[in-house]
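Let's take a friendly walk through a protein model. Have the picture open as you read.

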Amino acid sequence: NTKMNNYKKISVKCMADKLKNLSNDIIISGHKNADYDSLCSSLALAYSLKKMNKNAKVLLEPEDIKKIGYFNLSDLLCEKIEAKDYTFIAMDLNKTSRLPDFAKEYYKKANYRINIDHHNGNATKAEIILSKQNTSSTCEITYDIIKKLNIDFDKKLSELIFTGIISDTNLFFNNSSSKTFSIASKLLKNGVESEDLIKKFYWAK
């Protein structure tokens, strides 16, 4: 914990424990010009937190909302924040300049800031940071967090994580470890139809 910046980097288990203990509203956002790793990790985390009876919403730019229509999760989306007391979770970015422009002010005003990411170098100044730079995608990190939260991976949650992984790894071409393949295999067992998702979210981009 560096006093200078007043943030600390933590483990997956510590992050899961922190999320379990959040009692205020939770706002989640990925980076601007969002790819599917950013979108799907944000949605997967919000979906899991909602299963824990937490009030979690994903802040999205209007043009991104139609990109994820297939998942039918409009109840998790918002375009502005009314709450005064909220935690802001920034996903898949290593500096706040990568947040969507309209989200930057919300990040600044948050009572508590969390960052979950897999890129080198971190300048988010969030209160707690989970940064795993040798990981394929933020969706892979999110999978680990959700496992620690003891949330069951239903088909929709599995599809979200799978879509983010295939997007950021270029169909397992980049940064894919044996663990990445192991996770993908588990997701397929949960009913993910890989061919359909690859056609819809990879070849169609």
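## Ground rules

This is a predicted model, where local features need pLDDT of at least 70 and side-chain atom pairs count only at pLDDT 80 or more, while totals for chains, interfaces and linings use all residues. Residues are numbered from 1 along each chain as its sequence is written, and side-chain values use heavy atoms, with hydrogens and water left out.

## The greasy middle

In soluble globular proteins, nonpolar side chains tend to be buried together. A nonpolar core here is a set of buried Ala, Val, Leu, Ile, Met, Phe, Trp, Tyr and Cys residues joined through side-chain atoms within 4.5 Å. Buried means under 20% relative accessible area, exposed means over 50%, and partly exposed is in between (1.4 Å probe, protein chains only).

The largest core has 54 residues, and L19, I89, I116 and I145 have the most contacts inside it. Its largest share, nine residues, comes from helix 2 (residues 36-51); helices are DSSP runs of H or I with at least four residues, strands are E runs of at least two, and both are numbered from the N terminus. A second, separate core of 15 residues includes I27, Y86, L93 and A103.

## Rings that meet

Rings of Phe, Tyr and Trp (its six-membered ring) pair if their centres lie within 6.5 Å; planes under 30 degrees apart are stacked, over 60 edge-to-face, and the rest tilted. The structure holds nine such pairs. One of them is Y70 with F201, edge-to-face at 5.7 Å centre to centre and 70° between the planes. Y70 lies in the loop between helix 3 (62-65) and strand 4 (77-78) and F201 in helix 8 (residues 194-203), so this pair ties together parts 131 residues apart in sequence.

Is Y70 buried, exposed or partly exposed? At 39% relative accessibility, Y70 is partly exposed, and F201, at 3%, is buried.

## Two sides of helix 8

In helix 8, L197, I198, F201 and Y202 are buried. Seen down the helix axis, the buried residues fall within an arc of 105°, so they line one face; the arc is that of the directions from the axis to the C-beta atoms. The face turned away carries the exposed residues E195, K199 and W203.

## A tucked-in serine

S136 sits in the loop between strand 7 (128-131) and helix 5 (138-148), and is buried, with a relative accessible area of 1%.
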